[in-house]
Amino acid sequence: MPDAFEPVIIGFTCNWCSYRAADLAGTARVKYPPNVRLIRLMCSGRLDPTFVLKALSSGADGVLITGCHPGECHYIEQNYKALRRYLLLHRVLEQMGIEPQRVKLVWASAAEGVRLAQEITTMIEEVRALGPLRWPTAAQNKGRQPVMAAQEAVR
Amino acid sequence: MTAQAPDGSGQERIGVYVCHCGSNIAGMVDVVGVAEWAAQHLKARGVVIARDYKFMCSSLGQELIQKDIQELGLTRVVVAACSPHLHEQTFRTACANAGLNPYLCELVSIREQVSWVHTDKTAATEKSKAVISGGVERVIQHAPLEPLHVPIHPATLVVGGGIAGIQAALELAEAGFPVYLVEREPSIGGHMAQFDKTFPTLDCAACILTPRMVSVAANPNVTLLTWSEVTHVEGYVGNFTVTIRKKARYVNTDLCTGCGICQEKCPKKVIDEIYEAGLGYRKAVYTPFPQAVPKYPVIDRPNCTYFQKGTCRACEKFCPTNAIDFTQEDEYITVQVGNIILATGFDLFDPRRITQLGYGRLANVFTSLEFERLSNSAGPTNGNIVLRDGVTTPKTVGIIHCVGSRDRNYNNYCSVICCMQGLKFAHLVKERTGAVVYNFYIDMRTAAKAYDEFYQRVLEEGTLFVRGRVAQVTDAARLPSEEGKLIVQVEDTLAGKQRRIPVDMVILSAGLEPRHDAKDVAKLFGISCSSDGWAIEKHPKLDPVATMTEGVFIAGCISGPKDIPASVSQGAAAAARVLSRIQQKEIALEPVRASVDETKCSGCRICNNLCPFNAILFHEDRMVTEINPALCQGCGTCVAACPAGAISGTVFSNAQVLAQIEGLLLLNLEYAPSAEAAPV
């Protein structure tokens, strides 16, 4: 174990709003901790709950899902479908014994770089407080290194 | 997850290119170390070369990639640099030039998402490694794709008939292409038609605007749809289907000659809140102003005596051509267009919100738009600058700048035009009444051609300038000299003291705000707007008239406050963008589409209700679902929903995303050969 726990968070972003908000945060040099790693999707509606479970089971301590504000979806209404799946996923996670706070949904428009950075920072702190997830991963079963060890190996 | 190269040699041959971006990335990320790490640790995943370079996007940087593709036989390319929204196309083109399918290239962002947002160099370097590792895993799953080619319909829809929209429509029509110009008021002209003079040249607004209005209406390529609103938009770039509601005019435009007798005879006077800014009257049947284009009046149904009480019909009786038609109904028309230009303009900030300035409570406090009408020779006072009583000429006038702008309580932004507008008012008041004029300003912003010279001119004319934000406008006199006056309470920050300045008239140089329904418009056309409501440009500097929605362009104040020259430039610029599209006859689109593997589809129909574009159809006979690639927009919601995994989406497939997750979490590292210690 490293002396201080640094959570790893996988963030899913929408190509039209939150990914651009992340770009804007960059352009405006808004700072946030480096614990989040973003994946670009075309829409939060593309988010297959499997992606979240895959991330958690592969070593992520939290998953941030982001999309356009309700009513502002580039594809008209698909973020509502993301919301439905998210709420259902929360119940599943709870039943699996995973703190639901590890998976969070945040709306961020393309103009909200500062807000996205704040939400990322908040979530990192929340997950840090929860501690490592240490999901007994399929990866481990196959003899793979868990992510923590892999990350130490990187250094 | 093994990746077989098409030739069966076992693995992809991947090149990784890490950009310094000068010091933009290299200042926070050890790019050389990252490239070395990728060459070493991702070798087992197929990375055969990893380089760093000062500017990957330069032609030398691109040549580096092209040379490697040709000499090393790369089958995949990962570039770690800036956001894909900036340079994805650059690197895809570079790959294509070297003979590699452009969709086998992945650009991962280590600038916007790493070096610019993090402060710890070690952590930023480690994150860059993870991001590159994610890109490598993802790119292995990429498939060669061809862009979709969409034909561009030559017609264009321009929404908003202000000066920006007129300019855009004229450019397109004069180039020989059909334009539908939609305006919700009875006449085109927009805010500019309300002005008297335009700064800094003091041209008469009507004199320069009306010829444009006439030529746009007279152009055979322009279909002018005033008193109309867009109600529905379907389709995508190249082929939009737009539904427009033509509100009932109750005037048959085929018969009407625009003689104006109906307006003369109509007994019902209505306060004109829009064109006259509430200062003047119009009739219930009206054209907003004499030079209105088109010349046909409209009947204002809620105010028409016949519609409300069932009697009157004066206009009908006196119309010499029997053009009045009370039986007209709203008409919905559908048009096909290839591109859309939105030029919907602005609303004036409502100064009632700043109660201490007294607007709406103190009679002689005017808004800027009211003053425009007051000073307009075609306005309610024939251009006489008088107090609200309609007769008294003011002897002292205070002009308050930055009303609702540069104010944390209202709008943070600068409304751009109000300084020059205030100066113009000062000049007009001085010229026409000889009154003493005070300008209360925070900073003077006169940054455009001939603007500062105009400021100097107004200074020389003897207008007084007081630097400071006005605390309040009141009629509560403290001294005999203040009796019957409006007192402007202001901190004079240059003199360093509080002042009370009695004036007869106060003009509020109010800021500009997004249209009250800007968000509805954004939603209707599928564009984004900021939390204020201003439309967001594709790029604020390099692409100010495009939006993130292909085929939808913006011009004028829809994206933020602008003066007339800027609005006209944007109208022309948006038209130029559309023209280049039309001339190309087709556009290449990202092949982001969903498709169904019919052999896996169980016919459960879960996906059937998910598509807002009606791209999913179900074949009852075969009990399988099919996706129409022409209608699919590529959001991927159905891909995520399919329980059988029968739907897959190109560019963002399950395999790609799952692989990227593994890569980001560095699970791929244990694929490395166990003899890690061996030099690589």
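## Basis and interface

Two residues are in contact if their C-beta atoms, placed from the backbone, lie within 7 Å. By that criterion, 48 residues of chain B are in contact with 51 residues of chain A. Helix 4 (111-115), helix 5 (121-140), helix 16 (637-641) and helix 17 (654-664) of chain B each supply at least two residues to this side of chain B; helices (H or I, at least four residues) and strands (E, at least two) are DSSP runs, numbered from the N terminus. Helix 5 of chain B gives the most, with 8 residues. By class, the side of chain B that touches chain A holds 23 nonpolar, 16 polar and 9 charged residues. Here Ala, Val, Leu, Ile, Met, Phe, Trp, Tyr, Cys and Pro count as nonpolar, Asp, Glu, Lys and Arg as charged, and the others, Gly among them, as polar.

The model is predicted: local features need pLDDT of at least 70, side-chain atom pairs count only at pLDDT 80 or more, and totals for chains, interfaces and linings use all residues. Residues are numbered from 1 along each chain as its sequence is written, while chains are lettered from A and ligands numbered from 1 in the order in which they are written.

## Chain A

Chain A comprises 6 helices and 4 strands, which run β-α-β-α-β-α-β-α-α-α from the N terminus. Of its 155 residues, 57% are buried; a residue is buried if 20 or more other C-beta atoms lie within 10 Å of its own, exposed if 12 or fewer, and partly exposed in between.

## Domains of chain B

The assignment for chain B, from an automatic or database source, includes domain 3 (248-329) and domain 4 (347-513). Their centres, taken over C-alpha atoms, are separated by 35 Å. In chain B, 6 residues of domain 3 are in contact with 8 residues of domain 4. The domain 3 side divides into 4 nonpolar, 1 polar and 1 charged.

A nonpolar core is a set of buried Ala, Val, Leu, Ile, Met, Phe, Trp, Tyr and Cys residues joined through C-beta atoms within 7 Å. The largest has 239 residues, and B:Val16 is one of those with the most contacts inside it. Beyond four places in sequence, B:Val16 touches residues including B:Ala35, B:Val47 and B:Ile132.

Helix 11 (residues 368-375) of chain B is largely enclosed by the rest of the structure, because 8 of its 8 residues are buried. Its cover includes strand 14 (280-283) and helix 12 (418-433) of chain B.
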